[in-house]
Amino acid sequence: MNPILWFLWWCAGADGDLLADCRSQKEKHKYAAIGASVLLTTACAVLSGGYAFYTIFKNPTQSLLLGLFWGLFVFNMDRLILITTHKEEKISFQQIWMAIIRIVVALLIAVVVAKPLELKIFEKPILAYLAQENAQIALEIKKDLNEGMPEIVELEAKNQGLEKSLLEKEKNRDLLCNESIKEAEGISGTGKEGKGPVYAEKQAICLKQEEELKALRSQIEPLLAQNRQRISQLQAQKDQEFQTVKNARERADDLITQLNVLEKIAKNNPAIAHASHAISLLFIIIDTAPIFAKLLAKPGPYDVMLQQLEEEENLRVEGERKYFPNKLEEEQKLERNFYNESIKEAYASDEMKEVKKELSQNIVNRTRKKYVKNKKAKFSFFFNR
């Protein structure tokens, strides 16, 4: 027998030895195709489960092992459904109900297997949508952090005010000093070149403004430095919080998040929606095809042979179930008869007669001794009086 063919029959939940004795090649090919469908679903389940677990653990070894376990689980469930699905000549409500349950289980398995593979197929649009969504969320996070730290805005406003007052003072000083220079050059003012009394007066005002500027700068610069240091601390804290939230958001590419993104993309993109539905439908057809093949097909030679074999086995088991209690009762009856006959033979044997004779003699002797003892006691009592 071809081992590959026998293995496919086994995957289909068929009795390989019984199917090998079947002369119908159609039956053999049918169950080989059913077994191949089960293996195909198992292979897809391994890939699907491996990818799903990789999105969770980010570990190739663990993902491979868990994917193989998930594939084995799906294989066992499909094979169990096929083994427990029988083609009956008369359809009853119970059989319809059991068939519906098996089909629902197969549909659930198909959907669970299909979804992770859909995520892998649409991985690029999903990641692009996530990147765009993360960028929008990052802007919202920055806005929230800025609103949550009003002290930065207040300090920056204070610094702007201090810098503005310092700048105005510098402009005023430069203007007055330029007036003294122009007076010395004879460009403005008296129009006389040289350092006259007007120049000396303007120069004094310029020097006074310089002193006032220095005094103002000595007051403002420490405040500016203090405010800038505080702003740097708050900004570092804000950047750290923003980076923490951003990293957490970028790592949020788990299975549930990707499923939500795929659903959003499908709503906005009919092509992706149709492709997603087509993939799910394909896996549903693949996983439920073996069950429908067994339920909808007419009973073949193998089904008749299997039914006959099961009926014979049921009769044998039923016969054994009835045989053993009857056999035990007969053996107990024989044992009781043997015991009663043995007792009768023992009582009727010569040995038992000798035992009875000896026992009777012993009883007589004990009675005689008791009688003599009582008689002696009476005589003693009489003479003692």
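Visitor: In which helix is S276 found?
Guide: This is a predicted model, in which local features need pLDDT of at least 70 and side-chain atom pairs count only at pLDDT 80 or more, while totals for chains, interfaces and linings use all residues. Residues are numbered from 1 along each chain as its sequence is written, and side-chain values use heavy atoms, with hydrogens and water left out. Helices (H or I, at least four residues) and strands (E, at least two) are DSSP runs numbered from the N terminus. On that basis, S276 lies in helix α10.

Visitor: Does S276 count as buried or exposed, and which residues does S276 touch?
Guide: Buried means under 20% relative accessible area, exposed over 50%, and partly exposed in between, with a 1.4 Å probe and protein chains only. S276 has 7% relative accessibility and therefore counts as buried. With contact meaning heavy atoms within 4.5 Å, and not counting residues up to four places away in sequence, S276 touches K115, E118 and F122.

Visitor: How are α9 and α10 oriented to each other?
Guide: Helix α9 (residues 255-268) and helix α10 (residues 270-296) pack at an angle of about 120 degrees, with their axes 5 Å apart. Axes are lines fitted to C-alpha atoms, for helices over the stretch in contact, and angles run from 0 to 180 degrees between N-to-C directions. Angles under 35 degrees count as roughly parallel, over 145 as roughly antiparallel, 65 to 115 as roughly perpendicular and the rest as oblique. The relation of α9 to α10 is therefore oblique.

Visitor: Which residues of α10 are met by α9, and how many residues of the contact are nonpolar?
Guide: From α9, the residues L262, I265, A266 and N268 meet P270, I272 and A273 in α10. Ala, Val, Leu, Ile, Met, Phe, Trp, Tyr, Cys and Pro count as nonpolar, Asp, Glu, Lys and Arg as charged, and the others, Gly among them, as polar. By class, this contact has no charged residues, 1 polar and 6 nonpolar.
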